Amino acid sequence: MTPNFTPLIDALADAPLLKNELCRVFHGRGHSVEALSHINLDFYPPSLFLVSYDEIDEPTLSELTSVLWQWAQQHHPELITALVYQQRAGVQSQNTLVYGQLPSQHVVKENGIGFLVDLTSRQNTGIFPDMRSGREFVQANSKQAKVLNLFSYTCGFSLAAMQGGADHVMNMDMSKGVLRVGKQNHQLNGFNKGVSFLPHDILKSFGKLKKAAPFALIIVDPPSFQKGSFILTKDYQKVLRRLPELLSDTTQLLLCANSPELSEEAFKALITEHTEGAIEFVERLAATERFIEVDRDRSLKALVYKTSQTVA
C-alpha cells in the first residue's frame, strides 16, 4: 500500500521557501505523522533534501520523489533546482542526486550567515538545521565575548558568535577535516580575525583550555556517538567535571544533547551531579521552527546555564 504523501506536500506549501534560507520543511522524525515518521525533508537552497531512516522500495521512492519534484517545478522552479535523496537505514548512508543540478560550491544562508554544505558525499551535510535556535542564542549573547566552542564540527556556533560581535572564539574538534571546512566558512563570511581552530581530543586537552580561561560563553554540543572517540552517555560527564575550571563569575553555557534516550530531567541531573553546583539552570531553548515533536523529551535538548551565584 502506497503511503499518503499529502502531509509532505502540505508542508512544502506552508514552508517559508521564499526566504531562500535553510529550513526544515517536514519533520517526520517528530512523529506528528506516524506513517511518515521515517522521513525528513529540508530545503537547502536551491535543493530539496529528502532523508529516510528506513528503506523505501524503488516504486514508492520513485513516486515520492516525482511528486515532490512536480510540485517544486510547478510552484517554485526558480528557487528549487535540485532534489537529493539520502537513505540512512543501516550502517552506511547513501546519497543520490535524483533531479536537477547542485552548485559547484553549495552555500546556504541562515540569518545572513553563509554555510558551506555538501548534500551528496557524506551523511552529515555540514550544518544541523535543528540547532538554529542555539545559533541564534549564541549570536545574541556573544557581543565582546570570549567564546569556547567544544565539539565545534564545521564551526556553526563560531560563525554565529562572530556575527554577534565576539572578541574571540576558540573552536575545538578532533577532526581536522571538519575544522578545515570551519575555516572556509569563516573566510566565506569575512571573519578572518579573532578565531582559533584546535584539532584536539577535548577529553585530553583541558590543560590548553584552562590556560585560555575564563570564557564568557561556553558551548558544548557533542555527537551522540562517535566511534573510537565519544559516547554521550559515557563521556559527557568527563567534560562536565572540568567545566568549572573554565568559568568566570558571569559565564553562560549552552549545553546540548541530541539523544532520544536521554530525557531532559536525566540530562539536568547529569549536569548537576558532575558540575557539583558550579553552574545553575536558566532555561531550555525552544525548538527551532518547524521541528514539531510529539515527545519533547526525545528531541534535541539545548539547555542554558550560568555560573552559580552561590559559587560566584
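Which element gives the most to the lining of the largest cavity? In this predicted model, the answer is α3, with 3 residues. Residues are numbered from 1 along each chain as its sequence is written, and side-chain values use heavy atoms, with hydrogens and water left out.

The structure holds 1 cavity of 30 Å³ or more, and the largest cavity contains about 30 Å³ of space. On a 1 Å grid over the protein atoms alone, a cavity is a set of points where a 1.4 Å probe fits but cannot get out, and lining residues have an atom within 4 Å of a point. Volume is the space filled by probe spheres set on the points, which are joined across faces, edges and corners. The lining of the largest cavity consists of E110, N111, I113, F115, R135, E136, Q139 and A160; β7 and α3 each supply at least two of its residues. By class, 3 are nonpolar, 2 polar and 3 charged (nonpolar: Ala, Val, Leu, Ile, Met, Phe, Trp, Tyr, Cys and Pro; charged: Asp, Glu, Lys and Arg; polar: the others, Gly among them).

The largest nonpolar core has 36 residues, and those with the most contacts inside it are Y44, F137, V138, V147, I219 and L254. Such a core is a set of buried Ala, Val, Leu, Ile, Met, Phe, Trp, Tyr and Cys residues joined through side-chain atoms within 4.5 Å, where buried denotes under 20% relative accessible area with a 1.4 Å probe, protein chains only. Elements giving two or more residues to this core include α3 (132-140), α4 (156-163) and β14 (247-257); helices (H or I, at least four residues) and strands (E, at least two) are DSSP runs numbered from the N terminus. The most, 5 residues, comes from α4. In α4, 7 of the 8 residues are buried, among them F157, L159 and M162. Just after α4, G165 takes a positive phi of about 95 degrees.

The second largest pocket has a volume of about 250 Å³, a pocket being an open set with protein on both sides within 12 Å along at least five of seven lines. Of its 16 lining residues, L22, C23, R132, T288 and E289 are the closest to its centre. The largest share of this lining, 3 residues, comes from α3. The lining of the second largest pocket divides into 6 nonpolar, 2 polar and 8 charged residues.

Note on methods:
This is a predicted model: local features need pLDDT of at least 70, side-chain atom pairs count only at pLDDT 80 or more; totals for chains, interfaces and linings use all residues. Buried means under 20% relative accessible area, exposed over 50%, partly exposed in between (1.4 Å probe, protein chains only).
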